[in-house]
Structures are given as structure tokens and as C-alpha cells.
Amino acid sequence: MSTKTLHFSLGPVQGFVAQARRTRDFWTGSFLLSWLTGQALNAVLAAGGNVNFPDIENDELMAAIKMGTQPKSIPEVATLPNRFMAKVPSDFSPEGCRQAVIKAWREIAEVVYIQYILPFEDLGCRTREIWDRQIEGFWDIIWAEGEEARTLDRRKNWRVHVPTIEPGDKCTLMGNFQELSGYTRSVSREEREMQDIFWDAVGGKVRHNLRRNERLCAIAFLKRMFPSVSKEAISGSVPDSFPSTSSLASVHWLDQVSAAQPDLCSRFAAKAVALGKISEQKVSLVRKLKKDKPQLADFYDLDPNCFFASSLENDNLWEDSAAETRNLRNELRGLLKQFKFVPSPFYALLMMDGDKMGKLLSVNEGNTGKISKALGEFSWAVPGVVKNYNGVCVYAGGDDVLAMLPLEDALPASVALREEYMKAFAEAYAEEPRLNEIDNATISAAIIFAHQNTPLQLVIREAHNTLAKVAKELTGRDSLAIKVLKSSGPNVSWSAPWDVIQSEKPSVVDKLVADFSTDEGKGFTSSFFYNLRPRFDLLANPDSNILDSAQAIQVLEAEYLKSRELRREGEDDAAFRRRARENVKNLLKLCRRSVRIDCKVCWKDELGLDGAMLVKFLATKGVEK
């Protein structure tokens, strides 16, 4: 039987996944994109085709899709990338893949509409028309036929997908789409009132899944409500809850305070339980704490907004109960001051992407199976690694990873995942010499340390920008880039090739963070870092040339020795001086820019303060003293 090579892609990826306000929206977008791509893959398999890329032989999500309408167990992590390459019979029509995607999408959309919108359809203005237009016109489905691995990339240069024209008031989440009520608030007072009536009615049906003043389009509403209807829509249950950013930020604080002040935790929980509890704990450390200390289960299950004074003060986070709970929340703010530790308001978003994957596939066309197998082994390992570091995996398909983690676990998790990636390719080629630039099978990563109140869309956008422009372009791939994103904007930006980060164990970053941190979370000296700025203005000035590197170390060592809080109890002068010199040398490593050029690490003459500020941030966990 004669065959041909089919290349298929489903998008828009960022337009669907990244426009998210809640972590659950973020997860749902990734899952649905993977689920729908699986429908196209299933159409290929049903026609007798063979999938070359990705490796789906042992993929649990693909196994669930093959079961069709039978009740099934759905894996929590999306593992199918949004594109694939397959050998299909010469008479196979790619239209079958498109129809499979559209059919599955329509079925999900119809279940959501019937259950949550149809009862209030008459309150809207052409609501069904808006819904159908947006559902039918959203996906950009591309395919091409040809033997070269880059065939699809060339096909994508033809821009034939025309987005729908959207009039009226726009969705508060996806601003290029019309919201579903169909009314325009600026037209008249009556239209404004009718729009409010529509969304008040829908909000009453979906309860806590719609915030006050959220007016969504069909796409955003479907993403928000899909987990609640998955049994009817895809014959299987998916998680109905997902850890919030505040939940991830407070993970290690829960461990600290429950060990140090269990009685206070119990008293706090007895009062705070009235504000609500989360439905399910998904973070490994918290699950372990609940098992080890069941008497504090109510404390671990509290709404994590209870752990932050600023959140307790914010009436908007408590919506309908804000007035009734204000006195209680003020009382809880007082109790928070009695804890020895302050929870970090920061969490981490980790994004990873394989380097030059298109080129790797094109120069290894005869070994696509090995590359596919390596990527499969990596993607199946990702969720377990992320879980071990107290994170939650949003997506792990092929060479792409999206995960959310506590601040303390993000850097070691990224290192562990990079090692898994390299291990997967090493094992795939263990039986024969490496071929055709296979040494370029590397992966880059971006970590965004974001304040829990920073809009999620902004954090996701910053991660994509940092990965593409800093880790890959500026630092030369096979690198890690880190940004600290405060509510006021990016605060620290640092990057280095993996070789620099992993040159020793523990890493230079880990050593410095450990040295500047204290067990009590207090006593951290900011004077050393504050006084670094004028010193760096001198050292980093290429026109001054006043000091050589040895003299620079001496200047910073003297500054370190001035910070008495850094001296350990019982440490003599000689030991303190040795430690000062070692830490200063390590700090200068982080402050000197390193890049990868022609696969080799190169050190620039430039000195910057961001490496030192990153150490300060990690040591204090972003908590302002």
C-alpha cells in the first residue's frame, strides 16, 4: 500500500491557553488543546496510519481517546502536543482529521451551552448566534503533505484563517471576542441593566465559577465550565479544582508554622474555617502534612487567601460575604502577626522548550522514531518530577513543559527536568553513535517568580517572552532565564547556560541562598546588598578600569565582613574571612554575564547586579522586612 506523510497542527495555542485568569482556566486550555489534537491522531489511526511524531504508544491520554464514548479514566496532565507527523494511506483525506477535531469541539460546547447558557438564552440578545459564531470560527487547523520535516512550517506561512468579526462589548478575559449577553452597556441604561440581568442569572447557575463583573465569550466560558461537565462531554472526569497561586505560595510556610507553632495553627483554623476550605489538596508536601498531622487537617485545608494579610484585607476576594466577614478577617490578620514566619507572596511558573526541534527533526529524518521515543519518555516523566517538587504540571507534551511550583522548589525542579531530558536522548541513542547534530538535543527554560496577585495572563506572557528572547536568543539556548515579577513589573532578570548553573552540586545559587538565609526567617541583612549598588557602579564601569578582578573581590569581601549579622555564632575571624571570600567569588560568578556561543560557554566582561539581587530575593523569599 502506498503512503504519504501528513503534517498536522492545531492552533491558536497562545490565544487559547494563555488567556487565563485562574489556574484552572490555564490547565483546561492546555488539556483541551491536547484532547482535540488526540481526536485528529485517532482519525489517522482509524484509517490505518502510523504516527511518527509524537510517540503515542504508551500515552495515557491517547489511550483514553481511543476508548471513544466508553467511561474512562482521564489523566490529569495533557501530554499530546498540538502538532504531529504521520504516515497515512495515499488516499487518506486530511479533512478527516479536521472533522474529528470539530466534532469533538462541538460536542463539548453543546454540553456546556445546554447546561449553563440555554436556561437564560432568552435574557440575552442573539446569545445563541454569538455562541455558534465563536465556537465555529475559533480553531486554526493546518495540514500539509510532504516528506520533509519542515513542510508544515512552510505551510504556516500561508495565512488563510480569518478570525470572526466581533461587535459589541468584549469578553473581560479574551478581549477580542464579544461577551455572550449581546448587549452594549454604552448604548443605553436599559441595555446595561439587561446585560447585568443576564450575567447575574448565569452567575447564579455556575455559582463560584464566575466572578462579579466577569462577562465572558463562548471560548472563555467553555474553558471555565468544562471541568464541571467532563463526564457528559468526554465520558470521563477531569479535576474540578486546581491549586491557586496563593496556595502554591504558602506551601512551605504551612510546613514551617505547623512544626513551630501547632497550637496557634489550631486556633487560627478554628476561626478561619468559616471563610471556607479548598476541596482537594494536590500538592505533595501538604498531602504529607495532612497524613502526618491529621489533627491540623483543617488548617492545611483552609482557603489560602486566609494566610496573607493583604488578601484578608481585600473585600473583592470574598465577594458576597465581604461585609459579613470583615470583622473575622481583621481578627485573623491579628493572629497572623503571632506567627514566627511570614508566608512568601511569590510562586513560580516554569516553562521549558526543546531547542531547535524543527532542525533536529529535519537533519535526522531517518531517525524520527528515536527522537519521538526520547520526547515521549521525557514527557511521561515530567509530571512525576514536578510532583516530587511540590508542583502541579499543567502541560507536558513532547519537548514542552508548563508547571507551577512553590518558590523554593522551582530552581531544583528545572534542573531535575533538564537532566531527565538529556537522559531520555542519551538512552534513545545508547545503542549507536549519535547522528546529525543530535548533540543539539538540548532544552531551555524560563522561571518567573510572580507575586500571587499578579494577573496570570501577564505571568504567562512574561514566561514566553523570557524563554524566547532571554534563554534562547540572548543567552544562546541550552540555558535558564529567571525573572522576578512583582506587581509593579519585572524586578530582576538573570540568565546563564545550564553548564554554569550545574557546574557543581549544590549549585552556586543554592550555596549563596543557604548562606544568606536564616532558620528563623529573621536577621537577614539587607545592608550588604544595599551597599553593593555603589560598589557595582564602580566595578561595572568599563571606562574606569580602576580595579582588577582580585581587587574587586577584596572590595566586596570587605563589604561582606562589615555585615556583622552574617557572622555565625562561634565563628572565628579566619573562618569568617574564608567564607566571605568564597561567597564573594560565587556572587561575582552570578553577576558576570555568561552566554553560549557555538556550543561553548563564554564569559562577558559585563558585570550586573541582577545575580546578587536574585540571591537576595530567594534568601528572603520576596518577603519585605
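Glu559 counts as buried, at 3% relative accessibility, where buried means under 20% relative accessible area, exposed over 50% and partly exposed in between (1.4 Å probe, protein chains only). The model is predicted: local features need pLDDT of at least 70, side-chain atom pairs count only at pLDDT 80 or more, and totals for chains, interfaces and linings use all residues. Residues are numbered from 1 along each chain as its sequence is written, and side-chain values use heavy atoms, with hydrogens and water left out.

The side chain of Glu559 meets that of Lys562 in a salt bridge, with 3.4 Å from N to O. A salt bridge is here a side-chain nitrogen of Lys or Arg within 4 Å of a carboxyl oxygen of Asp or Glu. Both residues belong to helix α23 (residues 549-562), where, being three residues apart, they are separated by about one helical turn. Helices (H or I, at least four residues) and strands (E, at least two) are DSSP runs, numbered from the N terminus. In contrast to the buried Glu559, Lys562 is exposed, with a relative accessible area of 55%.

By the salt-bridge rule, the count comes to 38. Another of these pairs is formed by the side chains of Glu145 and Lys4, at 2.9 Å from N to O. Glu145 lies in strand β5 (residues 140-145) and Lys4 in strand β1 (residues 3-11), so the pair ties together parts that are 141 residues apart in sequence. Lys4 is buried, with a relative accessible area of 15%, whereas Glu145 is partly exposed, at 43%. A salt bridge also joins Arg579 to Glu571, with the closest N and O atoms 2.8 Å apart; both of these residues are buried.

The structure holds zero disulfides, a disulfide being a pair of cysteine sulfur atoms within 2.5 Å. For Cys306, the closest cysteine sulfur is that of Cys265, at 13 Å, which is too far for a bond. Cys602 is likewise in no disulfide, and the nearest cysteine sulfur, in Cys599, is 11 Å away. Cys306 is buried, with a relative accessible area of 0%, while Cys602 is partly exposed, at 26%.

Arg329 is placed in helix α15 (residues 322-336). With 1% relative accessibility, Arg329 counts as buried. Residues up to four places away in sequence not being counted, Arg329 touches Leu275, Leu312, Glu313, Asn314, Asp315, Trp318 and Ala322; contact means heavy atoms within 4.5 Å.

The chain as a whole has 25 helices and 14 strands. Of its 625 residues, 54% count as buried. Among contacts between residues at least 6 apart in sequence, 73% join residues at least 24 apart. The radius of gyration of the chain is 27 Å, which agrees with the value near 25 Å that a compact globule of 625 residues would have. This radius is taken over C-alpha atoms, and the globule rule is 2.2 Å times the number of residues to the power 0.38. Along the principal axes, the C-alpha atoms fill a box of roughly 80 × 70 × 50 Å. The chain exposes about 27900 Å², of which carbon and sulfur atoms supply 48%; accessible areas come from the Shrake-Rupley method with a 1.4 Å probe, and for residues only the protein chains shown count as cover.
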